[in-house]
Amino acid sequence: MSHIIETANVAPTLTHAVADVVHETESEAGPQNKNLADIRTIGDYLGMFGGDLIRRLNEEYVPVHHPGKDQTLELLNDVKRPLFNAQAHVTTALIKGFRLHRRLFLIGEMGTGKTSISIASFFSLIREVLGGKGRVIYMVPNHLIKKTKREIGILLDKKDVEVHILQNYKDVIQLRDSGKMEGPAKKIEVYVIARDTCKLGYIYEPAVRWVERTYTIRQKDRENRSYKKTVFEGWVCPDCGGQLMKEEADGTVPMEYEDFFNKHGKETRRKYNLTCRNEVRLYKNRDPEQDEYRLCGSPLWTAKNKDKSSFKGESRKPKGSVPRKVSPADIFKRYFKNRFDLAIGDECHELTGGSAQAHAFHVLMGCAKRTLAMTGTLMNGYASNLFELIYRMMPRRLKSLGFEWGDVGKWIDLYGVRERVTKTRQDTDLNSSSNGNSTRKSTKERPAAAPQLFTDILSDVACFIQMADMFEVLPKLQEGPLNVSLQGERQFVNFTSKIDRKPGQKKRQLEKKNRLMAPHWYLNNNLNQVSNLLRKAVNEELRKGGQSVLLGSLLNTLLSYPDVPFNFEGVYHPDTKKVIVPDSFRLSERLIYPKELQLIQFVKARIKAGRKVGIYATYTGKLGTLERLQTLLEEHGVRTAVLEANVPGPEREEWIAKREQEGIQVLLTNPILVSTGLDLLGFPSLFFYQTGYRLTIVRQASRRHWRIGQKNLCETVYSSYSDTMQELALNLMAAKMNAALALEGQFSQEGLSALTEGSGGSLASELAKRFVGNKIDGVESAESIWGKMSVDASELHIQSGTDLKDIIDEESQFEEQSTVFYGETLEEALIDWANEWIPTDLFDRFQNQIEYVVENVEKGIACLTSTKETLIGPFSIVWHQDKAPQTEQLFRRWAYSLTNKPLGHSLSKTGGVNLELLVEGKKPKTKTKKVYNVSEGQIAFNF
């Protein structure tokens with residue numbers, strides 16, 4: 001009996017990943033190494049032993065579903081909107097995986113359609129196992145509630161599924177009281193709840209009492225004095241009345257006042273102050289030593305209530321807000337255990353810690369028989385952030401490996417990297433009996449993960465899908481840095497001043513003005529002085545021992561000051577309030593700075609090409625980066641809109657769509673507001689004016705445009721000032737990204753190296769460390785990692801996606817070749833042609849969408865023409881191979897576009913609608929009052 005390790009991993013598999021690394025290594029390094037002494041990196045090792053590793057992996061690691069050998073589920077044909085080939089294979093792999101495991105991970109790059117895959121998965125699972133009747137609980141970020149419901153309506157038939165949105169705890173209570181959950185489901189019931197809503201509960205306040213017991217001592221003397229003496233002072237349990245104690249290194253000590261309140265006087269829940277740990281005597285025996293005791297265990301916290309009364313019976317008014325609500329997660333835990341067939345958690349990378357949202361998702365897992373956790377960025381660089389999520393998903397597996405809840409340190413020792421720093425300080429005055437040396441040791445985690453984390457934990461419970469698997473439906477993506485020098489040329493920049501005209505006033509002529517470009521020394525000299533003052537203050541604190549509390553201020557100041565020096569308010573010590581950098585370094589806001597000029601030039605060039613631009617900035621709020629950029633762009637006649645945090649999450653998608661209808665050309669926002677779930681298909685150019693140092697946010701936000709449905713060339717630009725902290729942050733971020741990608745299935749030589757060797761400290765601490773030590777060299781530049789930006793302006797024009805001649809490769813023309821295919825009907829002739837020319841993975845879609853293929857061919861295609869010589873004769877298809885796309889990628893896109901629904905399909909059947917061509921390109925046919933914002937290559941019709 002052969003031993004087969006079953007996994008649920010889908011393309012790219014680990015075998016394919018290693019094969020890619022071996023291929024890249026051989027192509028770059030030439031022939032394979034012949035001696036063990038030549039091996040220096042993992043790439044060298046794979047170059048020598050890669051072939052044997054691949055053969056061994058193919059023999060021992062057999063996936064439960066192989067996209068190249070196995071077929072997809074037939075049930076997926078019942079989905080109204082056909083899945084793409086890669087999505088169908090991932091869905092099939094998940095269904096097969098659920099036969100082996102109760103809980104699985106779906107790790108898909110941003111834009112691969114994880115929502116569609118999850119919908120198809122629960123549809124297929126319920127159809128296959130439960131006969132088409134079951135319940136699903138879907139936990140999503142609050143801004144994705146409406147999008148999830150809409151996606152379910154697009155993919156599934158209304159007669160098979162009903163969707164309910166649980167907006168608050170009242171909806172959950174109503175669901176409990178309705179009795180609907182007591183009986184079996186009548187169809188597929190999907191309950192969507194926001195994770196913010198699921199975790200929200202009442203506010204806690206201490207239920208304990210602070211007691212001071214005193215007695216009075218009177219002295220009988222001439223003055224007849226008296227004074228009070230305290231015999232007891234501390235917290236007592238509201239149930240047993242005993243004094244509350246806590247464990248420390250020296251033993252058990254009474255709890256102090258600060259154990260329930262922090263230094264700001266706010267109630268604080270800690271591990272040791274949640275319940276009473278006193279032993280209560282049962283009085284079954286007169287002898288206390290022989291009597292029995294029980295643990296009190298009484299909760300020391302209670303719900304904050306408006307109608308709370310004091311111990312004397314007098315009503316009292318609580319401090320702060322007192323919302324009256326119940327956590328939906330608590331209701332689920334109490335009443336809905338095992339009532340759902342599948343629990344789905346979206347963006348689970350934000351549920352990796354011990355937050356209330358992570359606890360809510362854990363509760364939903366217990367209410368369902370199976371669980372699917374989805375994410376686009378599983379790892380933030382640290383191994384520790386995965387411990388609690390994986391423990392909640394697979395507690396038995398981790399217990400079998402020797403882990404208990406809370407063993408984060410043990411987890412880091414096995415799957416992460418620890419850094420231990422020992423500092424020795426010599427001081428002759430320290431003492432008189434030793435050498436006068438003091439030693440201080442500190443241990444911290446470094447951002448790295450061992451490859452065993454993938455093989456031990458993820459290999460058999462995770463499905464991976466990347467954008468590379470969707471290449472037949474996605475355009476080209478280019479990304480890279482765009483650095484600017486601090487020293488700009490002294491010049492005047494013209495702009496048009498904005499005049500707000502009141503109703504009833506006559507239209508006024510806009511006034512032409514200009515801004516002076518900041519002199520080459522202006523920003524550079526002031527930034528150097530600010531950085532020197534910060535470095536001096538930090539070094540003084542470090543010489544005193546310990547860590548400096550100024551590192552956070554240092555990092556944020558040096559990242560934000562070059563962009564908004566006109567809003568600089570100084571830097572003050574957080575404890576002593578001493579002035580570190582005075583606000584006299586605030587610069588003039590009337591000038592225009594080099595990076596701002598670069599942004600204006602970039603935006604105007606993209607708008608001229610008919611493209612819209614999305615701009616990201618991280619230092620918003622008080623610093624006002626977005627408001628400043630909006631002012632500069634509007635001075636140059638650019639229509640802008642700023643998406644702010646006050647727009648509710650569920651309304652952001654509609655808000656963006658409405659602004660697009662109003663004709664905006666630029667969208668400005670903080671990347672964290674759109675980092676998950678939202679599509680920015682209308683903004684194919686994304687510009688990071690500021691990146692910050694949060695890797696997961698940058699990775700998520702940088703893919704908002706490169707998603708299914710995008711037809712235009714996409715570009716992502718990361719802007720920074722050269723030779724500053726901004727450039728260093730960008731370089732480190734590009735370098736550290738490889739470790740996270742490696743754990744998600746995107747292996748490369750550099751990624752494997754980062755996965756095993758680590759890469760310094762966290763991004764924030766690494767930046768501060770290099771700045772304080774003045775070590776900004778030795779970091780690989782972002783240009784070499786991403787590749788320099790080389791976007792051809794001719795490629796940036798909007799592609800219509802309907803005219804096939806736009807995507808034909810005109811540079812590679814072959815001699816005229818044609819082949820004829822016959823059939824009794826046009827459908828049969830097209831199927832005959834497709835059997836020979838359409839790729840195997842696209843053939844099923846071609847066959848299912850043959851109605852649309854016929855309509856596209858009848859409209860007229862240069863390389864595929866249909867004829868019928870006689871009324872009773874067969875149809876013939878003439879295939880002009882020389883006129884078709886000549887590269888594999890372009891041919892696949894062209895073949896896929898044949899199966900798309902034609903533009904006028906729904907209107908042609910009405911018979912009474914005539915379309916009038918209004919605009920083609922930018923040359924209007926007739927002058928009209930209405931302005932049609934149509935770019936070159938686009939066509940506008942009057943419906």
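Author: A residue is called buried when its relative accessible area is under 20%, exposed when it is over 50%, and partly exposed in between, using a 1.4 Å probe and protein chains only. Strands are DSSP runs of E with at least two residues, and helices are runs of H or I with at least four, numbered from the N terminus. The model is predicted: local features require pLDDT of at least 70, side-chain atom pairs count only at pLDDT 80 or more, and totals for chains, interfaces and linings use all residues. Residues are numbered from 1 along each chain as its sequence is written, and side-chain values use heavy atoms, leaving out hydrogens and water.

Two strands pair if DSSP finds at least two bridges between them. Strand 3 (residues 103–108) runs parallel to strand 16 and is joined to it by 5 bridges; here Leu104 stands opposite Leu372. Strand 15 (residues 342–345) also pairs with strand 16 in the parallel sense, over 3 bridges, and Gly345 stands opposite Ala373.

As for cysteines, Cys367 is buried, at a relative accessible area of 2%. Counting as a disulfide any pair of cysteine sulfur atoms within 2.5 Å, a search of the whole structure finds 0. Cys276 is buried at 1% relative accessibility, and its sulfur lies 3.8 Å from the closest cysteine sulfur, that of Cys237, which is too far for a bond.
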